[in-house]
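Colleague: I would like to learn how to read a model of this kind, beginning with the chain as a whole and then going down to single side chains. Could you take me through it step by step?

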Amino acid sequence: HMSAIMKAYEKVRLAPSSSEVVVVSGYSGAGKSALVHQARKPVSELGGNFLCGKFDHFRQMEPLSVIIVAFTEFCNMIATKDAEKLRLTRTAIQEKLGSEIAYLANIIPSLCRIVPIPKTETIKESGIGAQNRFKYIFQLFVRAIATSEQPLALFLDDLQWADPLSLDLIESLVTDAESKSLFFMGSYRDNEVNETHPLTAMLHRIDSNNHVNLTKINVGNLTREITNELISDAIQTPPQLTQSLSIAVHRKTSGNVLFILQFLSSICEEEFLFFSSELKQWQWNTEMIESKKIADNAIELMLRKILQLPRHAQCALKLMACLGHYCEEFILSSMSGQSEIGDFECTDIFASLKIAAMEGLVDQMGSNYKFGHDQIQLAAYSLIPENERGNWHLWIGCRVWENKSASPDKALFIVVSQLNKGASRMTDTLQMIQLAGLNLQAAEKSISLGAFVPAEFYLKKGIGLLGQKPWADHYDLYLKLYSSCAEVELCIGNFKEMDVMLDKVFSNATCLDDKIDVYFTLVSALHSQGKMNQSLEVGLAVLSQLGESFPTYSDLKSIIVVEFVKTKQLIKEKTDDDFLTMNALADSHKIAAMRMMLLLAHHSFVTSREIFFLIILRMVQTTINHGICDESAFALASLGSMMGNTFGDYDGAHRFGQISLRLLERTNSKNAISRVHTVVFIFIHPWIAHYRTCLKPLKIAYNEGYRSGNTITAVIAATNIYTISLLCGEELGVMDKMLRKYFQRMVEQKQELYWKYCIPFWQAVAYLMGEPNDPGQLSEEAMDEEQLLKEALENNRVRAAVLIYHIRSWLAYIFGNYEKAAKMTEEKQSITLLPNPHYLTCNYLFIDGLVSFEMVRKTGETKWKTIAQNSLEEIEKHALNPPINSEHKLFLLQAESAYIAGDIEIAQRKYDDAIRSADKNGFVQDQALANERAGHFYSNRSNASLASRYYGQAHSIYLKWGAKRKADHIIQSHR
């Protein structure tokens, strides 16, 4: 087993290409933890950092407690290493995390020991966004500290008790394709984990991930032979001499390691096993050992051992057992010197625990203590009668809260846990109300981390403590508990429970201000359940109550024109500096309205473009009339997009795109960066500058989206990054790596719609490079393209369907399968196109035009003439803004048009213009295509010399692009 662990570590250390995960399963006491801990020394000797933590049944509702312990150990360890290692680690963390160090330091305070904590604005994020943000920032942290020079070995014990957020984090860390030097080890009790356990589902997902190598080790009870080896080592006696002892011990313990060790300790105490000073060797009484009445399990053995301790040491162990597997110094300090619990006094808990440590029952780590094994903790806890346990927990909770100043955040969860267990012993109503408030605090802290299951637990505990007391008596507490619980149930997906919480708030809240938060929850929940129209109806009704009424009758297009004219009149009176120096929005109802309009804008962008336009126009009007807020920059950017893409005002579009970017600097809203950058550099900037100049800002949008928890915006940015890169002629090998990276990230984030959108691009790249065999039937392990198309059509995913038809048409055309290209073009033409970014629209028109001109040449059919002429006219418009992106496309279509019309000189000139323009502006794939089309032209005119020259240039350029299959196709087709 140890060799399997070290083999996996060696892969991480020597050739990091994928994550290595080892999971060890077995019964309690089988030696799982001891096995993995044997790896600590060799891992450290080979330059790695070994971190460990242990989940605790008693602290399951304390989110991330074990993760925090493990990485606190890392920070403390690095802080004491030599100056150079500390400097390298500090630099790596600063480069990866930047200002997010401050966020992480709130979770792992010891981080301040190795890196200075910057002062930065706190990003306010809740719900799924908070969880996404936390996981991404932690991924960045692990990428920084897990390096090929210093791999990170992370061992987490007792995974069967891990809280849901910790399991999510573990999965995100080990499946992170950009983290190459993480070695994760976990252990769990397989008899406590069934097929429905969250750990089982997580391990299945990890096992199916191509980026992860999963090694499973099962540790069972020891055989008689191994037991003999263990005992031989323990008493330093040759194994051939220990056979009789081993047989007796194995019969009594069934080979359970913990049971064996405790049984050996027990027979030593009873002198059935002893060292003979006279014979200078160990002796044993096999007959007495065989006749010894054995405990049913290791707990009974340890109970006997605990009961032999002094009374005050027993009490100390029972107190510690109430807290779980381990106990921090500040908690022990808060209980030391206290008295009058039960029928004993505990005046010096540290001195008492030292006695237990001498007996091997607890391990001392500085001033902290942990039990030697879970079974010891359970044994100590079992000594407290069940009917008295509530009093013990209540006493501990009160003491720790009184002394919370040493570590208030840590104390909060411990106190709430203890007081909740002792709540049945509370008789003071005020104390119960205070505990309800503490549960609310614990829930809010959990929500900030995205730990929704613990948050739900705390909130329902708080609600239960209030019982049937009137809302009026504790209005604010009731409101916060129920409102927060509704949001948490939404995040978990418990919509029925959410409805119960919402009804309570709507029935008891006394004003609109107190209902606003739950209205946001309701609107989001309806959208999440696919009830788009209801979501919009509720949101618009709320806006009406906030003073922002929207028309709901049919002629929305006319209203949009009226509202656009009104908005243009307002902005006409404002200079750029006027926008940047506006007062901050102060009206709370207008602030809430802007937040709701932003939410509805995201929801309506696909489902109702008219409503989207009206919302954006109203957001701009509200900004001008009432002041700037965090949502204003997005509104102005979207106005710019509307001006350019809908009304053809590209100067106005550019102006408001730039104002929105400058406004980001003024508001310093990190939440808005990704949203604004995606709008400006997907829908505005391509009309102004080269497509390639959009890539760097979109990468900022991608990174900031993840950093702020805005995953959807991040994946939208990623989708457009790889789309633009491909259209700009990025080398196909680079494209392949890029698509793999983004695909993996989208799968990790469970963004199914977007990773499916990625597949057609990836398959096209693979085909051009020479991987699959049929361009029309491309397959990636994730999903067959035919299935993707069927799914897109069935679910009315118009953009996805159009994209697949377009890519099929493009590949069929450049490989000379014109009938298939025509069929795909016709299928695409039958779908009503939604507005697309400039670069996609141009490319759609370009390929449609090329296919149609070819079909006019072959068939002369009017329908193809119509499509060809429309494509040419539309490309002429696009080539004006700016020519750098579309000029070469226009020239090539004009060449094909002239060729059909018999204007030979014009055709010759336009082919060469297309080639020069594509070359000059870096569109390598279109340069190759223009050369190939010129080759066809001259070949059909029987000019073999010129045809050969153009084909040769096309071949060279396709190879430069990385399209080996297409380069080979030219040679095969035009020998």
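Modeller: Let us begin with the surface: the protein chain exposes about 40,100 Å², and carbon and sulfur atoms supply 50% of that area. Please keep in mind throughout that this is a predicted model.

Colleague: How many helices and strands are there in the protein chain, and what does its C-alpha trace span along the principal axes?

Modeller: The chain has 47 helices and 12 strands, and its C-alpha trace spans about 115 × 75 × 50 Å along the principal axes. Of its 975 residues, 58% are buried, and among the contacts with a separation of 6 or more, 69% are between residues 24 or more positions apart.

Colleague: How should I read the packing of two helices?

Modeller: Two packed helices are described by the angle between their axes and by the distance between those axes. Here, helix H15 (residues 311–323) packs against helix H17 (residues 349–358) at an angle of about 95 degrees, with the axes 8 Å apart, which makes H15 roughly perpendicular to H17. On the H15 side the residues that meet H17 include His 312, Ala 316 and Met 320, and on the H17 side they include Ile 349, Leu 353 and Ala 356.

Colleague: And what is the general idea behind a salt bridge?

Modeller: Side chains of opposite charge can pair when their charged atoms come close. The structure holds 39 salt bridges, and one of them joins Asp 926 to Lys 889, with the closest N and O atoms 3.4 Å apart. Asp 926 lies in helix H45 and Lys 889 in helix H43, so this pair ties together parts that are 37 residues apart in sequence.

Colleague: Are Asp 926 and Lys 889 buried or exposed?

Modeller: Both Asp 926 and Lys 889 are buried. Consider next Asp 913 and Arg 916, whose closest N and O atoms are 2.7 Å apart in a salt bridge; these two residues are three apart in helix H44, and are therefore separated by about one helical turn. Asp 913 is buried, with a relative accessible area of 17%, whereas Arg 916 counts as exposed at 52%.

Colleague: Which residues are linked in a network of salt bridges?

Modeller: The network links Lys 54, Asp 157, Asp 158, Arg 189, Glu 192 and Asp 374.

Colleague: Finally, which residues form a nonpolar patch on the surface?

Modeller: Val 561, Val 565 and Phe 647 form that patch, with about 250 Å² of accessible area together. Val 561 is found in helix H27 (residues 556–572), and with a relative accessible area of 45% Val 561 is partly exposed.

Key:
Residues numbered from 1 in each chain as written. Predicted model: local features only at pLDDT ≥ 70, side-chain atom pairs only at ≥ 80, totals over all residues. Heavy atoms only, no water. Patch = residues over 30% accessible without salt bridge, like charges linked within 9 Å, V, L, I, M, F, W, Y side chains within 5 Å. Areas by Shrake-Rupley, 256 points an atom, 1.4 Å probe, with all protein chains shown as cover. Salt bridge = Lys/Arg side-chain N within 4 Å of Asp/Glu carboxyl O. Helix = DSSP H or I, 4+ residues; strand = E, 2+ residues; numbered from the N terminus. Buried < 20%, exposed > 50% of the residue type's maximum accessible area, 1.4 Å probe, protein only. Axes fitted to C-alpha atoms, helices over the stretch in contact; angles between N-to-C directions. Parallel < 35°, antiparallel > 145°, perpendicular 65-115°, else oblique. Contact = heavy atoms within 4.5 Å.
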